[in-house]
Amino acid sequence: MWSSHKPNQRQKNERKRRQQVQGSQAAGASPVKGKPVRGRQRFLFHRVNDIPLKYKFLLIYLLCVLLPIIAINSFFYQRNSEDIQAREVENLRKSIDRASGELLGMINEGIALNHSIGMDNSIYEALDRTYASPSAYYDEYYGFLRDKLTRYMSANITEVRVYTDNQTIQTGANYHVMSSSTLGSQPWLQQLARSGGNITVAAYDETSGLNPGKRLSIVSKMNTYISHARYDKYSRVDLTVSKVYDILNRERDSLQLRLVDNENRVVAASGDGNEDDLEIIPNPPLPEHEDNAGYVVERNLGDFNYVKGWKLIGIADTRRIDNLLNEAHRSILLLAIFSTVIPSLLIFVILRSYHDRVKRLSDHMENIRHERFEPINMPEGSDEIGELIRTFNVMTMRITTLINDVYKLEIRQKSFELERVRTELSMLQSQVNPHFLFNTLNALLVVCTKNGYTDVTGIIKNLSLMMRQLLSRADGLVLLEEELQFTSMYLQIEKFRFGDLFDYTFDIEPAALKQRIPRMSIQPLVENACKHGLQARKSDRSIRITAHMDKYGLNVMVIDNGIGMPPERLQQLLQNMKSDEAMEGHIGIRNVYRRLELFYEGEADFILHSEAGTGTEAGFRIARAELDGEGHFRRRESG
């Protein structure tokens, strides 16, 4: 059943797949839709993976930091500049509106005064009357006309005059008689005629009279009452020109103002000096760059017929706007520098930390390919890369330990065996029978005792005991107490040799005496100190042997006050001690180092310090965990 069912199911699946493919083709879709897209995505990611790390960081910095900062600051500068210009244009509009309002107020005051005069029937009657004699006019003048116009005077009004062609009136004060031909030649009457109305604002230069100069007047024809129209009558109200300049100069901090009349002439402008000395000139055209820059504002004084064509033109002081724009530019520039430098430094520090550690990790991994298992010596950090570096260091240390355990230990054991064979050969080549030498020393001891040679007796006794221990003890671990006894016998012999020129002391902690250490691990250090450190010293030769326990383990030191060694000589000795090449002198130091390596496999530290002219310190430190009988040596033999 199972074998027959399986082909049928496969056939159904195959037919279903074919139907789906045909349906996709009929709809115009590719049967493998999506695969090219995924392929392109994989290609894109592979290309990104091919870019070196430092160039990736550079692209991130340029595209995600520098370009956005530049774009944002440029946009902010553009908007700020536009806001400054819009604000200044608004300030200009307010200034020119204020000035035009005040000027229009002055003109309206003159218009109101002129209207009051034109509506006074009594003035018409007095001016339209024919006087029999000048005295008759003066009677009318002093009785009625004298104070009729002066009561309208104000700070904005300089003078009020009435002109007529009534020849029976005497010219004087505010009333003036002119012929019809003379009236037609007056510039203010010409402007009134050109205006086509009964009232207008006229600007002109007065050349006659006691006070010639620039005039700004409200001129009207007095024709309100037809019954008093025998003579032509005109009223002229002169505005205070200095007040006009005060209004214009009040805004000079923000813009320069020009008052232009209906004939496109500059009547007054801010910043002028003595306004009475200035002529009315045609309005000069504005510079094209100022007009297009929006720094020129123009306002009509009003919609009334008497001020039709009059306008106030404001020209902004571009230096002020330029100063504001420059100040904004400096502020934006400082902000751009600050917002660029600080993030750039921060990103540089972060990316350098990331890149340097990854680069170091990559280099050390490359070294592993060449069988160099070196740890990464650098601050690791607490992030993911630091954890990766710590894991790498643990891996390299474990690999190194494994190599040392498997290969280097065997090499050191063979080297130790070879050294022992060399020692045995050396003893055979010396052609001295140790037992014969031991028996001879005992015979000499008996003779010296009989003859009373007490000094020699002690030395021969110590030498005999040393020979006995060398012949009877196996090469292994001994108590520190026994090793110190053996070393003490050697020091007594040295004391016999040098007499008062040599002295030695022991500084031993009682808890350290029962610890087990490799045999012949102190005496060779003492012998090396006597031979290489103290022989060259003339007097006060001393050796101090210390042993104490601390939280790390057992510490044993041999300290002399000999001639010491310079740093380069000490470094050379340490290198020779760790190498397998034959060395001249200091054999005892190498033997102690090799014993510690053999017994404790790196858990014991050999210590050697020296300073020229001061002395040398040599010794070792055995870890507390290794002070358990015979340590690795016992475990190795039991395995």
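The following questions and answers concern a predicted model of a protein chain.

Q: Which element of the protein chain has the highest mean pLDDT?
A: The protein chain averages a pLDDT of 77, and 76% of the residues score at least 70. Among its elements, helix α18 (residues 631-638) has the lowest mean, 41. The highest mean, 94, belongs to strand β15.

Q: How many contacts beyond four places in sequence does the model have for residues 629-639?
A: Over residues 629-639 the pLDDT stays under 50. Where pLDDT is low, the predicted coordinates should not be read in detail.

Q: Which strands are the edge strands of the open sheet of five strands?
A: The sheet has mixed pairing and the order β12-β14-β15-β17-β16. An edge strand here pairs on one side only. The two strands concerned are β12 (502-508) and β16.

Q: Which residue in β17 does N555 stand opposite?
A: Strand β15 (residues 553-560) and strand β17 (residues 615-623) run antiparallel and are joined by eight bridges. Within β17, the residue opposite N555 is R621.

Q: What angle does the direction of helix α15 make with that of β14?
A: Helix α15 (residues 523-534) packs on the sheet and touches β12, β14 (541-549), β15, β16 and β17. Its direction and that of β14 make an angle of about 150°.

Q: At what angle to β16 does α17 run?
A: Helix α17 comprises residues 587-600. This helix lies across β16 and β17. Its angle to β16 is about 155°.

Q: Is the aromatic pair of F498 and F502 stacked, edge-to-face or tilted?
A: The ring centres of F498 and F502 are 6.0 Å apart, with 50° between the planes. F498 is buried, with a relative accessible area of 17%, and F502 is buried at 1%.

Q: Why does the pair of Y593 and F606 tie together parts of the chain that are 13 residues apart in sequence?
A: The ring centres of Y593 and F606 are 6.1 Å apart and the planes are at 85°, so the pair is edge-to-face. Both residues, Y593 and F606, are buried. The pair ties these parts together because Y593 lies in helix α17 and F606 in strand β16 (residues 604-611).

How values were computed. Residues are numbered from 1 along each chain as its sequence is written. This is a predicted model: local features need pLDDT of at least 70, side-chain atom pairs count only at pLDDT 80 or more; totals for chains, interfaces and linings use all residues. Side-chain values use heavy atoms; hydrogens and water are left out. Rings of Phe, Tyr and Trp (its six-membered ring) pair if their centres lie within 6.5 Å; planes under 30 degrees apart count as stacked, over 60 as edge-to-face and the rest as tilted. Buried means under 20% relative accessible area, exposed over 50%, partly exposed in between (1.4 Å probe, protein chains only). Helices (H or I, at least four residues) and strands (E, at least two) are DSSP runs, numbered from the N terminus. Two strands pair if DSSP finds at least two bridges between them. Contact means heavy atoms within 4.5 Å. Axes are lines fitted to C-alpha atoms, for helices over the stretch in contact, and angles run from 0 to 180 degrees between N-to-C directions. pLDDT is the predictor's confidence in each residue, from 0 to 100.
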